[in-house]
Amino acid sequence: MKPQLLKLSTNSIHSFSAREDHVPYINNRWHYHPEIELLFIKQGTGTQFIGDHIRRFRSGDLVMIGSNLPHYCKFDDAYFEENSGLKAQVYVIHFRENFWGETFLNLPENKSIKNLLERAKRGLLITGKIEKTVAEIVRKLPDSIGGTRLLSLLEALHYMSGSNELVTLSSIGFNPAYEQTENDRIHAIYEFSLANFKRKILMQEVAEVAHVSVNYFCRYFKSRTSKTYSRFINEIRVGYACKLLIENKISIKQICSESGFYNFASFHQYFKAITGKSPLHYQRAYLNDPAILAQIVSENS
């Protein structure tokens, strides 16, 4: 699957890029770049693809994406509806591994940071005690100037490199292909899947989107992602079910059908296989967390 090579703008004023976005469609394609990306989603929800990993993202998430790791962030459809009132707020930091010189990371004091950047090549979800601390540094970076800007980034990397609560996202076996002939195929598959996961998808349909035969598509998708298309689409469905469970507005049986599952036993089985919890236990774990409750109230107010 060929992600799009994204060429990021540079200037003579700053050695790395730090920006704040308020629209939900910036770089919302399957893409990669040599720069390391530190992404803080201050406000917004949707589906995120990092390598071969699929996850629901939500307000407060902080992710580090390593050099040349393909990724794609798709905000929920509601953000694109007129007069929805939903707002996106995202902070994005891009920097090259050697932007501070070829020898800086080889200093003995920077060994842990160098290891962090190596781990980031599979994508990292920042959790635990340092999540809010690093997020606050990232939030301030677009307005930072001079040496403070460099020191702030180094401080964020220092906090992350010392944490044992970073979650690795993409599998060790993920190996993206960059053939020019496959430039838009993966993006088309993702867009089709996100638009249609609530209904039964025939393999013939998605094969036509990829412009290949059904038999070839099955082999092709498995060889590129290390998972079947059925597993892939069920991960999207489970991710959406997680969103509905956290919102706690409809029953679990209704969530089953709303998420594209038409058999409650199958829904329960796939949900537990992917999340490690039953739907009910997943919901209780989140709704018993005061921080999660505060976030839900904030997003729905």
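Arg 219 is found in helix H6, residues 214–225; helices (H or I, at least four residues) and strands (E, at least two) are DSSP runs, numbered from the N terminus. With a relative accessibility of 55%, Arg 219 counts as exposed, where exposed means over 50% relative accessible area, buried under 20% and partly exposed in between (1.4 Å probe, protein chains only). The C-alpha atom of Arg 219 is separated by 9.8 Å from that of Tyr 229, 10 residues apart along the chain.

The model is predicted: local features need pLDDT of at least 70 and side-chain atom pairs count only at pLDDT 80 or more, while totals for chains, interfaces and linings use all residues. Residues are numbered from 1 along each chain as its sequence is written, and side-chain values use heavy atoms, with hydrogens and water left out.

Gln 283 has its place in helix H10, residues 279–287. Its relative accessible area is 9%, so Gln 283 is buried.

H7 gives the most, with five residues. By class, the lining residues comprise seven nonpolar, five polar and two charged; Ala, Val, Leu, Ile, Met, Phe, Trp, Tyr, Cys and Pro count as nonpolar, Asp, Glu, Lys and Arg as charged, and the others, Gly among them, as polar.

**Salt bridges**

Side chains of opposite charge can pair when their charged atoms come close. A search of the whole structure finds 12 salt bridges, each being a side-chain nitrogen of Lys or Arg within 4 Å of a carboxyl oxygen of Asp or Glu.

| Pair | N to O distance | Relative accessible area |
|---|---|---|
| Arg 96 and Glu 35 | 3.3 Å | Arg 96: 43%; Glu 35: 7% |
| Asp 61 and Arg 55 | 2.7 Å | Asp 61: 6%; Arg 55: 12% |
| Arg 199 and Glu 205 | 2.8 Å | Arg 199: 30%; Glu 205: 23% |

In the salt bridge of Arg 96 and Glu 35, Arg 96 lies in the loop between strand S9 (89–95) and helix H1 (111–119) and Glu 35 in the loop between S3 and strand S4 (36–43), so the pair ties together parts that are 61 residues apart in sequence. Arg 96 is partly exposed, whereas Glu 35 is buried. A network of salt bridges also links Glu 136, Arg 139 and Lys 140.

**A nonpolar surface patch**

Tyr 25 belongs to the loop between strand S2 (17–21) and strand S3 (31–32). At a relative accessible area of 48%, Tyr 25 is partly exposed. Together with Ile 26 and Phe 80, Tyr 25 forms a nonpolar patch on the surface, with about 290 Å² of accessible area.

Terms used:
Patches are made of residues with over 30% relative accessible area and no salt bridge: like charges are joined within 9 Å, nonpolar side chains (Val, Leu, Ile, Met, Phe, Trp, Tyr) within 5 Å. Accessible areas come from the Shrake-Rupley method with a 1.4 Å probe; for residues, only the protein chains shown count as cover.
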